[in-house]
Amino acid sequence: MKDSAGDNRGGLQELLPPLTTHEAAVEAARCLMCFDAPCTHACPTHIDIPRFIKKIATGNLRGSARAILESNLLGATCARVCPVQELCEGACVLGSERKPIAIGRLQRHAMDYVYRRGIDLLQAGEATGKKVAVIGAGPAGLTCSGELAKLGHSVTLYERRALAGGLSTYGIIVLREPMEVALAEVAMVQRLGVRLETGKDVGNDPSIADLHAGFDALFLSVGLGPTPQLGIPGEEFIVDGLDYIECSKLDPSRLTVGKNVVVIGAGNTAIDCATIARRLGAERVTMVYRRSENEMTAYPHEYDFVKREGVGLWFLAQPLKVHAENGAVKALECVRVQLGATDSSGRRSPQAIAGSTIMIPADQIVKAIGQNKPSLASQLRLATEKGFIRVNADFETSVPGVFAGGDCIRARGAASTVMAVQDGKLAAHAIHQRLVNHG
Ligand SMILES: Cc1cc2nc3c(=O)[nH]c(=O)nc-3n(C[C@H](O)[C@H](O)[C@H](O)COP(=O)(O)OP(=O)(O)OC[C@H]3O[C@@H](n4cnc5c(N)ncnc54)[C@H](O)[C@@H]3O)c2cc1C
Ligand code: SF4
């Protein structure tokens, strides 16, 4: 993995530069090393934060990275993508009066140190003879696979795409996480002995029946599906937000960016699309959302960021139709709405105000309105909750021996990488208990 600080590609380089050795030492020295530290409680994977920071302060970066990896196999990714303001750094006792400790950046400092030097800190466990199939190589699947390998199980990790890493590879913008970081973690999991099979669409080839016959347990970490349809005339002219981000990561030179871009949605994906458009040359970027600022699902710091990027927002506007001439987008027609009663999402539902249509000029429209529920759930006839796969406290689905974790089970709370990592870790331990106790 190379240092991404100098990697400047048309405004899409990693936003935060790495800390220098001196900066890291000074920051680490500010930590009060709290006993029963609130930051550790606030981290979903419960990394012993004072311990890893103390090791940075004493120059022991290997030891620091080891402390992180004990709790979180994807420490390099999480250091970059975690909403730290809401998690560890939000709980830092220094935050009430001064700046909280830059926990994410210190974590990145320790993790990058070992990856850049090719240092492996983890080993596969003694072979148990048990075989587990993991389906989906995003953060949940990679973590579950790596933890199972550490416990001595033989793991085959199936991935539909050409590259593993899930949304860390294809979905999180380079400003936050360059692709090399996710791929370095994939390689680390492979070095633990996990056999990665890419280009395998489980359900078709191989079938679930094949996997049931060949493995002692299955873990489903398939994430969510594609962006849903809006169901409006002219939708065929709208660009899919996930494709937009993916192209900006794989090959930004192939991405067509309009001069006047409208992004439909107001979650974190919409903010990412708006940021890409701005940074790759759009003169005007406007986000359109059918609810108000209060119902936005984007993190407050992301919302502040996109405003600083010069992105405009139209609240309480519902898309009705895309206007195009000779295949070229001209405008998005919307109707103004007011908020009525609370709907199934727990938010007030938009109701059209008669005769209030507006025309928002645009030469490109991008939709970023979330993702469909996992289709494998209905294919396998698994019990679901709000369309997500239902699991018990041991991450086991309604089919015995089939476990699940990550975004595909997240019926409650916001989906995030660190939550997927924690699911993968806990599920691996539950699978291990099942395999050693029940054969
Ligand atoms: C645009 C965007 C930006 C985000 N930014 C952040 C952020 O900044 N911080 C943060 O914490 N979270 C962020 N998230 C959320 C985070 O990426 C997810 O919560 C996390 O990736 C979930 O991990 P997962 O392993 O459950 O699923 P995924 O990462 O979606 O991985 C699922 C994997 O399963 C594979 N798969 C699916 N079906 C099959 C099949 N049948 N056979 C084989 N393989 C299959 C998929 O190809 C994929 O690789 C973002 C999400 C999006 C969409
Ligand atoms: S994994 Fe995320 S939440 Fe946990 S300490 Fe690291 S940056 Fe903070």
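**A walk through the predicted model**

H46 sits in the loop between α2 (38-42) and α3 (49-57); helices (H or I, at least four residues) and strands (E, at least two) are DSSP runs, numbered from the N terminus. This is a predicted model, in which local features need pLDDT of at least 70 and side-chain atom pairs count only at pLDDT 80 or more, while totals for chains, interfaces and linings use all residues. Residues are numbered from 1 along each chain as its sequence is written, chains are lettered from A and ligands numbered from 1 in the order in which they are written, and side-chain values use heavy atoms, with hydrogens and water left out.

The backbone is a place to start. Most residues other than glycine have a negative phi, and most peptide bonds are trans. H46 is not a glycine, yet has a positive phi of about 55 degrees. With a relative accessible area of 41%, H46 is partly exposed; buried means under 20% relative accessible area, exposed over 50%, and partly exposed in between (1.4 Å probe, protein chains only). L316 also has a positive phi of about 55 degrees although it is not a glycine. L316 belongs to the loop between β8 and β9, and its relative accessible area of 23% makes L316 partly exposed. Another backbone feature is the peptide bond from D205 to P206, which is cis, with omega near 0 degrees. P206 is placed in the loop between β3 (195-198) and α11.

The next subject is ligand 1. How many residues surround ligand 1? There are 33, and the closest are V81, E159, R176, V202 and D407; a residue counts as near a molecule or strand if one of its heavy atoms lies within 4 Å of it. By class, this shell has 14 nonpolar, 11 polar and 8 charged residues. Here Ala, Val, Leu, Ile, Met, Phe, Trp, Tyr, Cys and Pro count as nonpolar, Asp, Glu, Lys and Arg as charged, and the others, Gly among them, as polar. Five elements each supply at least two residues of the shell around ligand 1: α8 (139-150), β2 (154-159), α12 (241-250), α13 (268-279) and α16 (417-438). Why does ligand 1 lie between domain 2 and domain 3? Domain 2 (131-225 + 372-438) and domain 3 (235-367) both give residues to its shell, so ligand 1 lies between them. The domain bounds come from an automatic or database domain assignment.

Some polar atoms of the protein can be named beside ligand 1. A polar side-chain atom of E159 is 2.6 Å from an oxygen atom of ligand 1.

Ligand 2 has its own shell. The residues around ligand 2 are C43, I47, I49, N72, C78, C82, V84, L87, C88, I103, Q107 and V418. By class, 10 of the shell residues are nonpolar, 2 are polar and none is charged.

Aromatic rings come next. A pair of aromatic rings is described by the distance of the centres and the angle of the planes. Rings of Phe, Tyr and Trp (its six-membered ring) pair if their centres lie within 6.5 Å; planes under 30 degrees apart count as stacked, over 60 as edge-to-face and the rest as tilted. How many aromatic pairs does a search of the whole structure find? The search finds 2. Y158 and F215 form an edge-to-face pair, 6.4 Å centre to centre with 85 degrees between the planes. This pair links distant parts of the chain, 57 residues apart: Y158 is in strand β2, and F215 is in the loop between α11 (208-214) and β4 (217-220). Y158 and F215 are both buried. Y303 and F315 also form an edge-to-face pair, 6.4 Å centre to centre with 85 degrees between the planes. Y303 lies in helix α14 (residues 300-308) and F315 in the loop between β8 (312-314) and β9 (317-325), so the pair ties together parts that are 12 residues apart in sequence. Both Y303 and F315 are buried.

L380, in the loop between α15 (375-379) and β13 (384-385), is 177 residues from G203 in sequence and 8.5 Å from G203 in space, C-alpha to C-alpha. M188, in helix α10 (residues 179-191), is 162 residues from P350 along the chain, and their C-alpha atoms are separated by 47 Å.

Terms used
A polar contact is a pair of N or O atoms within 3.5 Å; within protein, one must be able to donate a hydrogen and the other to accept it, and residues adjacent in sequence count only if both atoms are side-chain atoms.
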